[in-house]
Amino acid sequence: MFVSKYWRKSAWRNWQLYALTLPVIAYFIIFKYGPMYGVQIAFKEFIANRGIWDSPWVGFDHFERFFNSYYFERLIRNTLEIGLYELVVGFPVPIILALMINEVRNSKFKKTVQTVTYAPHFLSIVVAVGMIFIFLHPVDGMINRVITWFGGEPISFMMEPGWFKTIYVLSGVWQQMGWSSIIYIAALAGIDPALHEAARVDGASRLQRIWHVNLPGIAPTIVILLILNVGNIMAVGYEKILLMQNDLNLEASDVISTYVYRSGILDAQYSFSVAVDLFNAVINCVLLVLVNYAAKKIGKTSLW
């Protein structure tokens, strides 16, 4: 009763702030929670003219079909490999970049570096993939020209499955590292300068101050973002992969999201594609909960 009375007083006193949250709440209800009604077609045989509610239930038939399909092992392997590759390579780079930028004292040079590293984020995926094809062209590409200049043989990067994951991940790191470093730069700005002064008095070098002052200062931010990234290991988007994909690299580039696209959009197997995507979402959710629990036990920092 006391809590309810206190909340009413707080809501009346700060109604303007609560009003500002209404568009955000409406967004999540309409575009995030509302569509969850359609998840039930993963357990039905969806018939368009009968609608979601009147379509017949089939239980876990679509899930069993996916688990027993020829593509199941390949899809899981490729999705996990790309997700882990992105985590191992892509997660530390923005941290290192932020630490390096934070140590720059020349303001003009610092702003130039930030601008250059942020810029690729604003390129559309189509433009970024187009640049990848131009740079890696087997005849006229800049990379192959360098290889042939050193006496090597040109490589058809986009045609060889062995190169696909590396190209996908490294191009993603190039495009997102500057933008992802912003949050770490902001966290570094919040570190008390007195800690650095004390470290200097004790004779700490710049590297020692980075290791013993800066890194511990942004550790909670790193942990939170690591939890979120692990929770998205299986959430490899289909847009960039579809643009880079061809029949020759399909063995390495086919992931769950592209399979869902083919099954749901191209083949109109709506119930089956929803079941596959729901399975993927459940795996991500389980990973998120487990990593969050481990982080809370080990370092006392977690999402909840």
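A word on the model before the details. The structure is predicted, so local features need pLDDT of at least 70, side-chain atom pairs count only at pLDDT 80 or more, and totals for chains, interfaces and linings use all residues. Residues are numbered from 1 along each chain as its sequence is written, and side-chain values use heavy atoms, with hydrogens and water left out.

Let me start with the whole chain. It has 16 helices and zero strands; helices (H or I, at least four residues) and strands (E, at least two) are DSSP runs, numbered from the N terminus. The C-alpha trace spans about 80 × 75 × 35 Å along its principal axes.

Next, burial. Of the 304 residues, 33% are buried, where buried means under 20% relative accessible area, exposed over 50%, and partly exposed in between (1.4 Å probe, protein chains only).

Now the cores. A nonpolar core is a set of buried Ala, Val, Leu, Ile, Met, Phe, Trp, Tyr and Cys residues joined through side-chain atoms within 4.5 Å. The largest one holds 21 residues, and Phe91, Ile95, Leu99, Tyr184, Leu188, Ile218 and Ile222 touch the most other members. At least two residues of this core come from each of helix H6 (92-103), helix H10 (161-189) and helix H12 (206-230). H12 gives the largest share, six residues. Another core, of 16 residues, lies apart from it and includes Leu136, Met158, Ile167 and Ile241. In soluble globular proteins, nonpolar side chains tend to be buried together.

Last, two residues that meet. Ile101 is part of helix H6, and Gln114 is part of helix H7, residues 107-118. Is Gln114 buried or exposed? Gln114 counts as buried, because its relative accessibility is 17%. Ile101 also counts as buried, at 3%.

What does Ile101 touch, leaving aside its neighbours within four places in sequence? Ile101 is in contact, meaning heavy atoms within 4.5 Å, with Lys110, Val113, Gln114 and Ile185. With neighbours within four places again left aside, Gln114 is in contact with Ile101 and Ile185.

One distance to finish. Ile101 and Ser271 are 170 residues apart along the chain, and their C-alpha atoms are separated by 49 Å.
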